[in-house]
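This report describes selected local features of one protein structure. Please examine the sequence and the structure before reading on.

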Amino acid sequence: MRSAAAIAETVGTRPVVTARSLLPAGVAAVSAALFTLAQPHLIDDAYITLSYAKNLAFHGHWGLIEHGTANTATSPLNVLAVAALTFVFRDAVFAAGVLFVLAQVATYFGLRRIGEHTGLPRWFAPLATMLLLANPLLVSSIGLELPLGIAGLSWLMVAFAERRPVAFGLAAGFLALVRLDLLVVVAVLFFARRKFWEGIWQTFFSALAVTLPWFLFSWLSLGSAVPDTLIIKTLQRSWGPWSVTNGPLVYFRHFPLSTTLSFLPLLAGGAVGLLWTVVALRGSKPARRLLPFAALAFGGALHYLVYSLLEVPPYHWYYGPSIACATIFLAAMVAAVPRHRMPAAIGVVVMAAASVAVYLSPGLPRDFAPITSNHATSEQYRAIGAELGRIANGRVVHSAGEIGALAYSCDCTIVDLFSDRGAVGPEINESKNRSGPLGRALIDANFRFLDQSVPPTTPDLLLVESTDNPPAGTIAGWKISSPWTGEQHLYLTTAPEDGVIG
């Protein structure tokens, strides 16, 4: 594993001379150190991105595994960026670290610029960046596309405040390639602009110039313009009684301190947002000057609402955009209120310090992210994957549900919905059955060029999680553990002769 110093040096954090350049260098150094600490506990979904990036960089192939095209990377831009850096550095994990540092520095510059435009004190941008870096849920999402999304949102606010329609469109297109659901936040900022219709075509065509090449390529070459995860995740629905709506409660059961500190900015931002609304409606010019931040916070709240209405499972990173938007808004409000500025600033600094203390409390290096729903550590999965590749010896393995780190480390044909395009066909049909006429038409259009006659891959071997004795036909077994599921075993068995799984 490369050190924080190596990552920081890669992105240019050499000794600096001017005070203005010292803070960005400090952000880069802190970000590099944070990624170095987080690297051992990157969540399994981060390894899905890393597997895509490694295959693209080394084999020119878009897929989770080397043999088989897939389109389950939620963030094409994140994959493309990590792949480009992987091609240079020959190490996908290190490349993800470099991208993380670059995203934090870009976020800082965006926040500094919007802070200067709105008359906030110079310490606003460092404060907001510190709060984002310390948040346990955002730390638990390192390796995913959230850092890129937050950077894009900070520059979207700049374009909003400076009334630059082309820049706004470019930022909107960037965010669409990071995560399509971030367009919910984009829409709020767009309509919050005074005379939003001015320059609307400049905004539209600049956004189209950024997004059309990828979505057209994806539609024609990968078989769907929108990633298959839109179908897969929405069909999963909730985890029993737990959905995005009440998901924070299930995380509180497992990680009470980390969950409280993660969602505290969301709660505080909501309360402060109500106060801002009252003051702004009374015509306060200082309050209206903070409209970009308020619109961002409202966009984050709407993002939460949309996910709640979809009733999807409460994957922790789904809350990331809402928490990030609320955190930036809260930092802006703290910096904007002269009378209570010092107590408020002390309060949020204490919150960040508490987050750091909770992160460090289990000791370093940590085995698990502060918040996770994985069934094993990424290091356990990577060790198992290395053995799995040797045991499989060319045979097809069906995953037990978590595939990212295993696929990254085994370099074997491991399949499930995320890597086997043939397995997506039944999911598409199920989604159409649950949809109305418009939904079915959109699904048909999205998968217009996908060959749905391809059957699912028939596995030779099957991974099974169990707390019981090894099942019949067991070839190998490994002990796995996590704070989410406790201790259990992952067994490799022969697959049923008919190839039907579950």
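## Burial of cysteines

A residue is called buried when its relative accessible area is under 20%, and exposed when that area is over 50%. The structure discussed here is a predicted model. Cys325 has a relative accessible area of 1%, and therefore counts as buried.

Cys410 is buried because its relative accessibility is 7%. Cys412, with a relative accessible area of 11%, is likewise buried.

## The disulfide

How many disulfides does a search of the whole structure find? The search finds one. This link connects Cys410 with Cys412, and the distance from S to S is 2.1 Å. The angle about the S-S bond is -90°, and the link between Cys410 and Cys412 is left-handed.

## Helix H12

Helix H12 covers residues 229-236. Its buried residues are Thr229, Ile231, Ile232, Lys233 and Leu235. Against which helices do the buried residues of H12 pack? They pack against helix H3 (44-59), helix H21 (424-434) and helix H22 (437-446).

After H12 comes Arg237, which has a positive phi, near 55°.

## A hairpin of two strands

Strand E4 (residues 474-482) and strand E5 (residues 486-494) run antiparallel and are joined by eight bridges. One of the paired residues is Ser481, whose bridge partner in E5 is Glu487. Together, E4 and E5 form a hairpin, with three residues between the two strands.

Methods:
Residues are numbered from 1 along each chain as its sequence is written. This is a predicted model: local features need pLDDT of at least 70, side-chain atom pairs count only at pLDDT 80 or more; totals for chains, interfaces and linings use all residues. Side-chain values use heavy atoms; hydrogens and water are left out. Buried means under 20% relative accessible area, exposed over 50%, partly exposed in between (1.4 Å probe, protein chains only). Helices (H or I, at least four residues) and strands (E, at least two) are DSSP runs, numbered from the N terminus. Contact means heavy atoms within 4.5 Å. A disulfide is a pair of cysteine sulfur atoms within 2.5 Å. Two strands pair if DSSP finds at least two bridges between them.
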